[in-house]
Amino acid sequence: MRRQSRFAATFLMAAVTWGPALAEEGDLCPNPRQMDGFKTCADVAKAEEEGELVIYATNPEAAEQKVLNAFHTAFPKIKTNYTRLQAGALYAKVTAERQAKSYLVDLMQLSDMGMVLDFQKKGGYLRYVSPEMAAFKPEYKSKPEGNWTWGAIGPAGIAYNPNVIAAADAPKNWLDTLDPKWTDGVSVKVSNSGLQHVGWYELKRLYGPDYWKKLAELKPRGFDSYVQQYDRLVNQQDKIIHVAQYSGYLEWKAKGAPVAFVAPADGLPATPESWGIVSSGPHPNAARLYLDWFLSKAGQGINAQFLYLHSPREDSAPPPGGEATAELKLLMPTDWDAFLATRTAFQREWDKAIGLR
């Protein structure tokens with residue numbers, strides 16, 4: 001499965017803006033309302049009158065729907081509408097909609113910080129300072145606070161099927177994945193993936209540009225979702241997953257699937273999932289209410305339970321069966337603007353590496 005639909009990355013550097021008028025501002029309300037497990041500054045009655053919430057995100061539909069069902073159980077008058085795409089495709093979609101002055105989405109999650117910063121620069125977020133944001137470190141939030149907040153962190157390592165590869169023969173580090181014995185047996189994500197972009201950026205920093213050239217010689221196959229990758233690994237169609245999502249490993253392990261995970265000592269590329277309310281959305285009160293619920297300790301726990309993602313909140317437990325982020329060496333860009341500037345080069349090189357050019 002080498003051929004995937006692609007979206008041009010040039011929109012990221014475009015000069016298009018939606019103007020400050022769209023980026024409404026608001027500070028923390030002085031008296032947030034105490035709900036069951038969280039505080040909110042949203043008008044709950046108006047949120048229920050709106051009756052719907054439209055979310056764009058990168059998480060697999062089945063797992064994300066369980067999180068949304070938990071919110072719907074708490075607020076049965078608000079139905080949820082979910083669209084899932086990889087980060088690049090998702091950002092292309094919302095960009096095209098806004099250029100057409102079609103405002104369809106209320107909340108958006110992106111797994112590529114370059115796109116998040118670009119969207120903020122273009123005035124795409126409605127600024128809302130949730131009372132639950134107080135539990136998040138300053139570096140996990142936009143400046144000024146209220147445009148976006150890291151709602152999860154997703155590390156990635158190396159995954160393999162222990163029924164096929166003995167632990168002694170499995171890769172122990174990133175350089176081991178370059179062994180010719182993995183030829184035609186490596187799966188990766190397509191270039192629309194924010195996590196794959198971080199992996200490319202960080203491992204290139206550690207090992208130089210030849211690292212990815214050598215991996216390309218192994219003829220890796222690109223896929224849109226980690227669901228496809230882990231299904232193929234379990235079905236013995238591939239030998240290893242490169243930059244394998246830790247959350248996917250935990251999910252398949254919990255199902256009893258034959259999967260094993262390697263956390264290289266040099267570190268695990270990791271990407272934050274940034275959540276923000278989209279300006280001019282059709283259901284702004286429902287969006288505020290959901291964001292407050294989601295960022296709370298209770299909401300973050302539900303997210304970890306169903307999506308196996310790590311919460312940036314220090315008072316939240318790691319996902320079931322997983323290690324805390326404090327126990328993992330995470331590799332993330334320190335300069336997100338510099339990271340954004342590599343988007344076009346990454347897409348060009350990566351598409352070539354997986355046979356799309």
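This report describes selected helices, strands and nonpolar cores of one predicted model.

Residues are numbered from 1 along each chain as its sequence is written. Because the model is predicted, local features need pLDDT of at least 70 and side-chain atom pairs count only at pLDDT 80 or more, while totals for chains, interfaces and linings use all residues; side-chain values use heavy atoms, with hydrogens and water left out.

**Helix H8**

Helices (H or I, at least four residues) and strands (E, at least two) are DSSP runs, numbered from the N terminus. Helix H8 (residues 246–254) is largely enclosed by the rest of the structure, because seven of its nine residues are buried; buried means under 20% relative accessible area, with a 1.4 Å probe and protein chains only. These are Tyr246, Ser247, Gly248, Tyr249, Leu250, Glu251 and Trp252. The elements against which the buried residues of H8 pack are tabulated here.

| Element | Residues |
|---|---|
| Strand S6 | 149–160 |
| Helix H7 | 226–234 |
| Strand S9 | 240–245 |
| Strand S10 | 260–262 |
| Helix H10 | 297–307 |

Just after H8, glycine 256 takes a positive phi of about 85°.

**Helices H9 and H10**

Two packed helices are described by the angle between their axes and the distance between the axes. The axes, which are lines fitted to C-alpha atoms over the stretch in contact, have angles from 0 to 180 degrees between N-to-C directions. For helix H9 (residues 284–295) and H10, the axes come within 4 Å and cross at roughly 75°. The two helices are therefore roughly perpendicular to each other, a term for angles of 65 to 115 degrees. In contact (heavy atoms within 4.5 Å) are Trp293, Phe294 and Leu295 of H9 with Lys297, Gly299, Gln300, Ile302 and Asn303 of H10.

**Strand S7**

In strand S7 (residues 186–189), Val186 and Val188 point one way, Ser187 and Lys189 point the other way, and all are buried. Strands pair if DSSP finds at least two bridges between them. S7 runs parallel to S9, with two bridges joining them; valine 186 has isoleucine 240 of S9 as its bridge partner. Three bridges, also in the parallel sense, pair S7 with strand S8 (residues 221–223), where phenylalanine 223 stands opposite lysine 189.

**Nonpolar cores**

A nonpolar core is a set of buried Ala, Val, Leu, Ile, Met, Phe, Trp, Tyr and Cys residues joined through side-chain atoms within 4.5 Å. The largest has 52 residues, of which Met108, Leu110, Trp212 and Trp350 touch the most other members. A second, separate core of 34 residues includes Ala47, Leu68, Phe75 and Ala286.

Conventions
Buried < 20%, exposed > 50% of the residue type's maximum accessible area, 1.4 Å probe, protein only. Parallel < 35°, antiparallel > 145°, perpendicular 65-115°, else oblique.
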